[in-house]
Amino acid sequence: MLRTVNRVLIGIVGLVLVVVGGSVLAVGLGARPPSWWIHDGRHDVLLSDAERTKWQGHGWWWPAVLAALAVLVLLALWWLTAVLRRRRLAEILVDTGDGEGALLRGRALENVLAGDAAELDGVADARARLTGRRTAPESRVRLLLEPHVDPVIALHHLTARSLLHARNSAGLAALPSEVRMKAVKHRAERVS
């Protein structure tokens, strides 16, 4: 979802900037501006003295401008942190019982969990991703099921075998998981 919103917002902002910048460039190079355009011609300034000082006498103008700019900056920072934030858990802290801890690579546990889930009967493909914190990881598992498999049985086998094995091997008290299942697309079978 975030990737789609990100692409749409970047596309809209880019389109607006290209249209405004291109039109300003065209007017600056001598193209005749339309009647509704904010500037009259090539030698017109961006903000005239009258436009710049029009609201100067009103006490609400500059606080409103600064508040709007502050909101825009906060939204831009929120968007930047959302884009740069790592979604995947890089490592898990495993309690070794001796007061020290060991670090387990998140990708290693993801690969083992996905491989173990893919071995279940009727599972065509499995993918796993770890999220959360390194002391309290969470997993997201996607299963691609064959048409003949009952999803309840596949979910029971996943929780009783694969997730339990991953939780025990990493020494975790709990491994909250979100499981998404999808059926394999197949052709209709002919009956004769």
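Biologist: Which helix holds Glu-110?
Modeller: This is a predicted model, where local features need pLDDT of at least 70 and side-chain atom pairs pLDDT 80 or more, while totals for chains, interfaces and linings use all residues. Numbering starts from 1 along each chain, and side-chain values use heavy atoms, without hydrogens or water. Helices are DSSP H or I runs of at least four residues, and strands are E runs of at least two, numbered from the N terminus. Glu-110 sits in helix 4.

Biologist: Is Glu-110 buried or exposed?
Modeller: Its relative accessibility is 4%. Buried means under 20%, exposed over 50%, partly exposed in between (1.4 Å probe, protein chains only). So Glu-110 counts as buried.

Biologist: Which residues does Glu-110 contact, beyond four places in sequence?
Modeller: Contact means heavy atoms within 4.5 Å. Glu-110 touches Arg-88, Ala-128, Arg-129 and Leu-130.

Biologist: Which strand gives the most to the lining of the largest pocket?
Modeller: A pocket is an open set of 1 Å grid points where a 1.4 Å probe fits, with protein on both sides within 12 Å along at least five of seven lines; lining residues have an atom within 4 Å of a point. Here 20 residues line the largest pocket, and Arg-129 and Arg-140 are among those nearest its centre. Six of the lining residues come from strand 3.
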